Amino acid sequence: MVKIEKLGVFLSSINAFFVQIDGSEVDIDTPYLSHNRSAIGYDYSGVIKISGPLEGCVYVSAPSVMLREVIKVMEEPDSSITMMKDLLGEMANTISGNARTEFGSEFIISPPHIVEGAPSVSYLPKDRQSYITPFTWRNYKAMIGICIA
């Protein structure tokens, strides 16, 4: 499992994503460990599989109401489910793409897979734990799940 100190790159990436949208930072809550017996998440999750020297996945999960608010702030007229999923995919790409800076070019990331609800446990290695980091933007709660080793 990646040391908790290395989680900063994922958290700063999600913060930078929201700063770029409206100039406001997210409030990052305390990360905690999940045993991957059941996935944790909201209405939609963007999952990125990781391979190379590190393997596992990173996902961002958010409620529909938050995604619609982000779309509104971006002044995008389309707030359909398709647009919400695209937005979540862009968040997941931003988070994992920026992590390549920290972990190196061998850090291989897949295109995001968008799922309804929390990612199924099939995405999460049973022999590992995930770091779950809740965050808040404009009073909307979301989270990042990181399970790489």
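The model is predicted: local features need pLDDT of at least 70, side-chain atom pairs count only at pLDDT 80 or more, and totals for chains, interfaces and linings use all residues. Numbering runs from 1 along each chain as its sequence is written, and side-chain values use heavy atoms, without hydrogens and water.

Q: How many of the eight residues of strand β7 are buried?
A: Strands (E, at least two residues) and helices (H or I, at least four) are DSSP runs, numbered from the N terminus. Buried means under 20% relative accessible area, exposed over 50%, partly exposed in between, with a 1.4 Å probe and protein chains only. Strand β7 covers residues 130-137 and is largely enclosed by the rest of the structure, because the buried residues number seven of the eight.

Q: Which residue in β7 stands opposite aspartate 27?
A: Two strands pair if DSSP finds at least two bridges between them. Strand β1 (residues 27-28) pairs with β7 over two bridges, in the antiparallel sense. The residue opposite aspartate 27 is threonine 136.

Q: Which residue in β7 stands opposite tyrosine 32?
A: Strand β2 (residues 32-34) runs antiparallel to β7, with three bridges joining them. Opposite tyrosine 32 stands isoleucine 132.

Q: How many bridges join β7 to strand β8?
A: β8 spans residues 140-148 and runs antiparallel to β7. Within this pair, tyrosine 131 stands opposite isoleucine 146. The bridges between β7 and β8 number seven.

Q: Is asparagine 139 buried or exposed?
A: Asparagine 139 lies in the loop between β7 and β8. Its phi is positive, near 70°, in a residue other than glycine. Its relative accessibility is 74%, so asparagine 139 counts as exposed.

Q: What is the phi of arginine 138?
A: Most residues other than glycine have a negative phi. Arginine 138 sits in the β7 and β8 hairpin, which has two residues between the strands. Arginine 138 is partly exposed, at 41% relative accessible area. Its phi is positive, near 50°.

Q: What is the relative accessible area of threonine 133?
A: Threonine 133 belongs to strand β7. Contact means heavy atoms within 4.5 Å. Not counting residues up to four places away in sequence, threonine 133 touches Leu11, Ile28, Asp29, Pro31, Ala142, Met143 and Ile144. Threonine 133 is buried, at 0%.

Q: How far apart are the end C-alpha atoms of helix α1?
A: The expected span of a helix is 1.5 Å times one less than its number of residues. Helix α1 has 15 residues (residues 8-22), so it should span 21 Å. The model agrees: the end C-alpha atoms are apart by 21 Å.

Q: Which residues is serine 13 in contact with, leaving aside its neighbours within four places in sequence?
A: Serine 13 is in helix α1. It counts as buried, because its relative accessibility is 2%. The contacts are Thr94, Ile95 and Asn98.

Q: At what angle do the axes of α1 and helix α2 cross?
A: Axes are lines fitted to C-alpha atoms, for helices over the stretch in contact, with angles from 0 to 180 degrees between N-to-C directions. The axes of α1 and α2 (residues 64-73) come within 9 Å. Phe18, Ile21 and Asp22 of α1 make the contact with Met66, Val70 and Val73 of α2. The axes cross at roughly 45°.
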